[in-house]
Amino acid sequence: MRNLILGAVLALLLVAIGTVIAANLGMLPTTANSDSPRWERRFAMGALDAAVERHAPRVSNPLPKTDENMIDGMKLYTMNCAVCHGGLDQKPATLAHSLYPPAPQVIMHPMDDPEWRTFYVIRTGARYTGMPAWDKALSEQEIWKVSAFLSNLNKLSPGVQDYWKKASGVAPPTASDEQHDHAHHDDADHQHADHEHDEH
Ligand code: HEC
C-alpha cells in the first residue's frame, strides 16, 4: 500500500515537472486565435458554473427596473462589452473568435441566468479567459444596470425595445424567440456554427 501511494505521488510529481519543463521550452500552446476543443470548454464552463454556485451571494438587484435604468444598462453594455459579446445589431462581435475561450454571444443567444449570477461574473470576471473583472472600472450601480439588462434581454418593456430599435436598426429578441436554458456549452457550439457560416 505504501509503495502504491509513493508511486502515485512520484507520477504526479513527474507530470508537474514535465509540464514546467514543457512550458519553459515553449511547448505549451499559447495562441488565442484557434478553437478550443469541446472537452476543454465543458471542463472550464463546468468549473466556472460550480465556482459561481459556491461563491456568488444570492443578492437581489437594489435598483428598480425602470426604463431609464434598463437603457443605462444597454448603453453601458454597448460601450464596454459589445466588442466581445456582440452588439445590439445581433451580429457576431468583432472579437467573437479572437478569444480563447470564445466570448459567449449574449445578444444573439440571450442568457437566462438570474441577476445575482450575472452580477457576480461581471464584477469578478473569469480567470484565464478574456473576461475582465469590472469592479474597478464600473460602479456597483452600473454593474447592476448591465446585469438587469442582460438577464432580462427578451423581456424588455416596449419603451426600452423602441430605444433599442432606434439605436441599432434591429428589433431586440423577444421571449418567443428561441430560448436557451443555462446551456453555455450550447452557446459555444452555436458560435462554432456561426463561425463556419461566416466563412461561406
Ligand atoms: C475582452 C473581451 C470581453 C469583454 C470586453 C467583456 N467580456 Fe464578458 N466574457 C468574455 C469571455 C471570453 C467570457 C467567457 C468566459 C468563460 O469561458 O468562462 C465572458 C463571459 C461573460 C459572462 C458569463 C456568461 C456565461 O454564460 O456564464 C458574462 C455575464 C459576461 N461575460 C458579461 C460581460 C459584460 C457585462 C461585459 C461588459 C461590462 C463584458 N462581459 C465584457 C470576454 C469579454
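The structure is a predicted model; local features need pLDDT of at least 70, side-chain atom pairs count only at pLDDT 80 or more, and totals for chains, interfaces and linings use all residues. Residues are numbered from 1 along each chain as its sequence is written. The predictor's confidence in each residue is given as pLDDT, on a scale from 0 to 100. The mean pLDDT of the chain is 89, and 88% of its residues reach 70 or more. Over residues 180-200, pLDDT stays under 50. For that stretch the model has 26 contacts beyond four places in sequence. A contact is a pair of residues whose C-beta atoms, placed from the backbone, lie within 7 Å.

The chain has eight helices and zero strands. Helices (H or I, at least four residues) and strands (E, at least two) are DSSP runs, numbered from the N terminus. Among contacts between residues at least 6 apart in sequence, 64% join residues at least 24 apart. Of the 200 residues, 24% count as buried. A residue is buried if 20 or more other C-beta atoms lie within 10 Å of its own, exposed if 12 or fewer, and partly exposed in between; these C-beta atoms are placed from the backbone.

The largest nonpolar core has 25 residues. Such a core is a set of buried Ala, Val, Leu, Ile, Met, Phe, Trp, Tyr and Cys residues joined through C-beta atoms within 7 Å. Met 70, Val 146 and Phe 149 have the most contacts inside the largest core. At least two residues of this core come from each of α3 (67-80), α5 (115-124), α6 (140-151) and α7 (158-168). Helix α6 gives the most, with six residues.

Helix α6 is mostly covered: nine of its 12 residues are buried. Among them are Trp 144, Val 146 and Phe 149. The buried residues of α6 pack against α3 and α5. Phe 149 touches Met 70, Gly 73, Met 74 and Tyr 77, not counting residues up to four places away in sequence. From its first C-alpha to its last, α6 reaches 16 Å, close to the 16 Å expected at 1.5 Å a residue. The expected span is 1.5 Å times one less than the number of residues in the helix.

The ligand is surrounded by 26 residues. Each counts as near if its C-beta atom, placed from the backbone, lies within 6 Å of the molecule. The closest are Cys 81, Cys 84, Ala 103, Thr 129 and Met 131. Helices α2 (38-55), α3, α4 (82-85) and α5 give two or more residues to this shell. By class, the shell has 20 nonpolar, six polar and no charged residues. Here Ala, Val, Leu, Ile, Met, Phe, Trp, Tyr, Cys and Pro count as nonpolar, Asp, Glu, Lys and Arg as charged, and the others, Gly among them, as polar.

Ala 82 lies in helix α4. Ala 82 counts as partly exposed because it has 18 C-beta neighbours inside 10 Å. Ala 82 touches Tyr 77, Gly 87 and Ala 93, not counting residues up to four places away in sequence.

The loop between α4 and α5 holds Gln 90 and Pro 101. A cis peptide bond, with omega about 0°, joins Tyr 100 and Pro 101. Phi of Gln 90 is near 65°, a positive value in a residue other than glycine. Gln 90 has 15 other C-beta atoms within 10 Å, so it is partly exposed. Phi of Tyr 128 is also positive. Tyr 128 sits in the loop between α5 and α6. With 9 C-beta neighbours inside 10 Å, Tyr 128 is exposed.

Terms used: Two residues are in contact if their C-beta atoms, placed from the backbone, lie within 7 Å.
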